[in-house]
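Please have a look at the model first.

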Amino acid sequence: MSGNLRGLASGLPPQLRQLDRRWLIYAGLYFLIALGIWLRVEHIFTYNPLAHIWSDPQRHWEQGTATLRTDPMTLTDPVMYQLYIGVLAKLTLKEPLLIAFYTALLACLTPWIWYRFARELLPSRMQATAVWAAISLLPSWIGIYSYFMQETLLLPLLGAALYASWRCRRKQTLASFLLMVVLWTCAGLTRGIAIPLAAVVTTWLWLVQPQKLAKAGFSLLVLTLLMGPLAYRSYAVMHMVSPHGIGQLVALYLRSGKREIHVHYLREDGAQWNYWFGSPSTGEKPLAPLSDWTTTREGAVHARIEIANGAEDWRAALARYPMTMERYLHLTGENLVYLFFGSSWPDNNRARLIERLNHHSRWLWAPLCLLLMVGTLCYWRRLREVRLFAVLVATWLLVQGVLPIAVNEGRYRKPLEGFLLVQGVALAGVLRRRRHLEAGGGLRSTHTQTDEPVADAGDKAALPLPATAAAHPPAPDHVSA
């Protein structure tokens with residue numbers, strides 16, 4: 001019977017055999033997506049974010065729920081995540097079941113948002129669905145949603161900004177450009193790493209698209225309306241124009257080379273605040289069990305900040321630690337190790353399966369990044385619309401890994417993990433199309449075989465036709481917007 005079935009299948013037209021194979025692949029991908037949704041919901045309802053109100057999650061929760069706080073730390077952190085927490089607390093009235101429901105909804109929407117971006121970027125719906133499945137099962141993007149951390153909002157906003165960018169690349173309209181600007185602004189007000197990415201994407205698209213004057217003018221208007229009040233807010237309270245948050249604290253911590261930072265704030269009305277910080281990176285051995293290497297940071301750096309002096313006291317504190325070449329190379333070397341091999345805190349509780357997988361998966365990203373960088377350079381001419389995305393990934397690596405902006409942690413790697421999955425699928429698609437093109441060229445040269453491989457139904461670029469079929473070209477495949 002099995003022989004008869006194989007014989008029957010081999011007698012089907014190539015298009016039907018290809019359709020059957022595609023149906024099986026899609027069924028497998030959607031099964032993985034459903035599994036990812038179940039894992040996210042189960043993990044969040046089992047380990048509710050309200051059960052982890054300590055350290056950074058406590059700071060974020062209190063900043064969002066105490067909406068009128070004016071302490072220096074509230075002005076140090078970007079405002080977008082505080083707004084999100086405030087809305088979440090108001091919608092749920094701090095009920096754990098509702099907190100879990102809305103958090104699980106956001107966690108499940110995040111891979112879908114990145115799928116929408118992949119549909120704009122990649123030539124095939126199957127490739128985009130593969131991205132959706134991979135991100136749905138990514139342990140690092142599941143475990144973090146059990147904690148109130150900025151990455152839980154950054155990841156969907158980053159995906160939405162990328163989607164809006166490639167949508168703008170396709171439509172080239174003023175409205176699409178302004179939508180892109182708004183979403184990148186929201187992402188930048190969640191975590192500062194989005195700001196240089198936004199600068200690269202928006203500048204690139206502005207240079208290559210029409211309506212330059214209108215897009216520049218309206219974009220400046222939108223940015224003024226969004227950032228202007230925040231700039232005044234920071235100046236009124238901290239005497240500094242910094243709408244995205246006060247970044248001098250993390251800059252001083254990095255440049256000092258110390259293990260801890262102690263900051264003493266004084267305000268004109270006599271109010272005082274004392275803050276103590278230490279990066280979780282300084283307490284771990286990122287290369288264990290292969291090596292016991294750890295940071296050389298020791299001691300604490302102290303800063304006394306008179307709020308009325310604005311940035312003057314921060315400049316004086318930074319001047320005590322000039323960035324020499326020797327200091328830069330040492331700090332950057334440590335930063336790269338912790339960025340690529342550090343365990344993502346706080347979502348690294350190895351008593352939980354998802355977080356244990358997250359901890360051990362850290363070994364994948366450095367070799368995968370190196371492999372994809374080499375592949376991108378080798379196939380640069382074939383990448384076409386993916387080139388801008390490759391430049392975006394390189395920008396992230398430069399800013400987060402090489403520039404001295406903060407003491408890196410494994411948690412900061414999360415955007416790169418999504419970038420690498422998308423880039424990997426894009427390169428795999430390039431290799432697949434190249435094999436089909438080479439096979440098609442060989443078939444044309446013989447003029448004896450017309451059983452050409454069929455392109456995916458969602459492909460945006462049709463494969464070359466065999467010589468015997470050139471007289472009857474098929475209709476182009478429909479591509480969903």
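Let's begin in the loop between H9 and helix H10 (174–188), which is where glutamine 172 sits. This is a predicted model, and in it glutamine 172 has a positive phi of about 60° although it is not a glycine. With a relative accessibility of 33%, glutamine 172 counts as partly exposed. A positive phi is also found at serine 55, again not a glycine, at about 55°. Serine 55 belongs to helix H3 (residues 55–65) and is partly exposed, its relative accessible area being 42%. As background, most residues other than glycine have a negative phi, and most peptide bonds are trans.

Now for the helix pair. The axes of helix H6 (residues 96–121) and helix H9 (residues 151–171) come within 8 Å of each other, crossing at roughly 20°. Angles under 35 degrees count as roughly parallel, so H6 is roughly parallel to H9. The crossing of H6 past H9 is left-handed. On the H6 side, the residues in contact include Leu106, Ile113, Trp114 and Phe117, while those of H9 include Leu155, Leu162, Tyr163 and Trp166. Sorted by class, this contact of H6 with H9 has twelve nonpolar, three polar and four charged residues; Arg116 and Glu120 in H6 are among the residues that meet H9.

Technical notes:
Residues are numbered from 1 along each chain as its sequence is written. This is a predicted model: local features need pLDDT of at least 70, side-chain atom pairs count only at pLDDT 80 or more; totals for chains, interfaces and linings use all residues. Side-chain values use heavy atoms; hydrogens and water are left out. Axes are lines fitted to C-alpha atoms, for helices over the stretch in contact, and angles run from 0 to 180 degrees between N-to-C directions. Helices (H or I, at least four residues) and strands (E, at least two) are DSSP runs, numbered from the N terminus. Angles under 35 degrees count as roughly parallel, over 145 as roughly antiparallel, 65 to 115 as roughly perpendicular and the rest as oblique. A crossing is left-handed if the near helix is turned anticlockwise from the far one by less than a right angle, and right-handed if clockwise. Contact means heavy atoms within 4.5 Å. Ala, Val, Leu, Ile, Met, Phe, Trp, Tyr, Cys and Pro count as nonpolar, Asp, Glu, Lys and Arg as charged, and the others, Gly among them, as polar. Buried means under 20% relative accessible area, exposed over 50%, partly exposed in between (1.4 Å probe, protein chains only).
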